[in-house]
Amino acid sequence: MHVTPLHQDMIPDVIKLMEQGAPYIRPRTASDYWLYAHLFASSCPVALIDGEVAGAVMAFRSQEEPGEVYVQDVMTSPSHRRLGVAKALLEHVRLRAVSWGCSRVYLTSEPENTGAQATWHSLGFQNVPGEMEVDGVSVRKDFKGPGKHRAVYQLLLS
């Protein structure tokens with residue numbers, strides 16, 4: 001596996017990858033990924049296996065809270081799951097955040113996305129206390145807008 005920053009020539013393959021993440025991942029436009037490749041490439045790693053896009057993470061350092069990195073999307077190709085792709089990609093993001101002096105990496109997940117939750121826990125992310133609980137998961141009410149409740153997970157960096 002080779003992990004590399006997102007490059008413009010990877011955008012069509014990343015869009016196809018993200019399309020496989022429904023209903024939890026919504027692919028962005030080619031224009032959005034162009035911005036990610038040009039402005040945030042160092043925190044948007046792509047995993048290649050035998051030249052094929054096996055996974056990708058879109059993450060961004062907060063301008064409002066520069067000590068934080070928000071992970072927007074994590075996607076591993078169904079044919080490459082359980083090979084450590086998500087772990088390698090999120091480790092790349094973690095190391096980048098450490099190099100910036102950040103104190104935390106965080107992400108959100110729908111409360112019912114139990115597969116993602118198991119991944120976050122296995123990688124050391126902790127569920128942040130919220131205002132309510134759904135199936136044993138602490139959830140922040142309206143975190144991404146009215147009715148868009150999300151479980152928040154964080155990895156504290158030291």
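Accessible areas follow the Shrake-Rupley method with a 1.4 Å probe, and for residues only the protein chains shown count as cover. The model is predicted: local features need pLDDT of at least 70 and side-chain atom pairs count only at pLDDT 80 or more, whereas totals for chains, interfaces and linings use all residues. Residues are numbered from 1 along each chain as its sequence is written, and side-chain values use heavy atoms, with hydrogens and water left out.

**The whole chain**

Switch to a cartoon view. The protein chain has four helices and nine strands, where helices (H or I, at least four residues) and strands (E, at least two) are DSSP runs numbered from the N terminus. Followed from the N terminus, the elements run β-α-α-β-β-β-α-β-α-β-β-β-β. The radius of gyration is 15 Å, close to the 15 Å given by the globule rule for 158 residues, so the protein chain is as compact as a globular protein of that length. This radius is taken over C-alpha atoms, and the globule rule is 2.2 Å times the number of residues to the power 0.38. Along the principal axes, the C-alpha atoms fill a box of roughly 45 × 35 × 30 Å.

Colour next by burial: 45% of the 158 residues are buried. Buried means under 20% relative accessible area, exposed over 50%, and partly exposed in between (1.4 Å probe, protein chains only). Of the contacts (heavy atoms within 4.5 Å) with a separation of 6 or more, 60% are between residues 24 or more positions apart.

**The surface patch**

Select Trp34, Leu35 and Leu39, which form a nonpolar surface patch with about 290 Å² of accessible area together. Patches are made of residues with over 30% relative accessible area and no salt bridge; like charges are joined within 9 Å, and nonpolar side chains (Val, Leu, Ile, Met, Phe, Trp, Tyr) within 5 Å. Leu39 belongs to helix H2 (residues 30–39) and is exposed, with a relative accessible area of 58%.

**The salt bridges**

The structure holds four salt bridges, each defined as a side-chain nitrogen of Lys or Arg within 4 Å of a carboxyl oxygen of Asp or Glu.

Select Asp73 and Arg28, whose side chains meet at 3.3 Å, N to O. Asp73 lies in strand E4 (residues 68–76) and Arg28 in the loop between helix H1 (11–19) and H2, so the pair ties together parts 45 residues apart in sequence. Asp73 is buried at 4% relative accessible area, and Arg28 is buried at 15%.

Arg104 is in strand E5 (residues 104–109), and the two residues are 36 apart in the chain.

Now select Glu110 and Arg150, a salt bridge with its closest N and O atoms 3.8 Å apart. Glu110 lies in the loop between E5 and helix H4 (114–122), and Arg150 in the loop between strand E8 (137–139) and strand E9 (151–156), so parts 40 residues apart in sequence are tied together. Both Glu110 and Arg150 are buried.

**The cysteines**

Finally, select Cys44 and Cys102. The count of disulfides (pairs of cysteine sulfur atoms within 2.5 Å) is zero. Cys44 is in no disulfide, its nearest cysteine sulfur being that of Cys102, 14 Å away, too far for a bond. Cys44 is buried with a relative accessible area of 0%, and Cys102 is buried with 6%.
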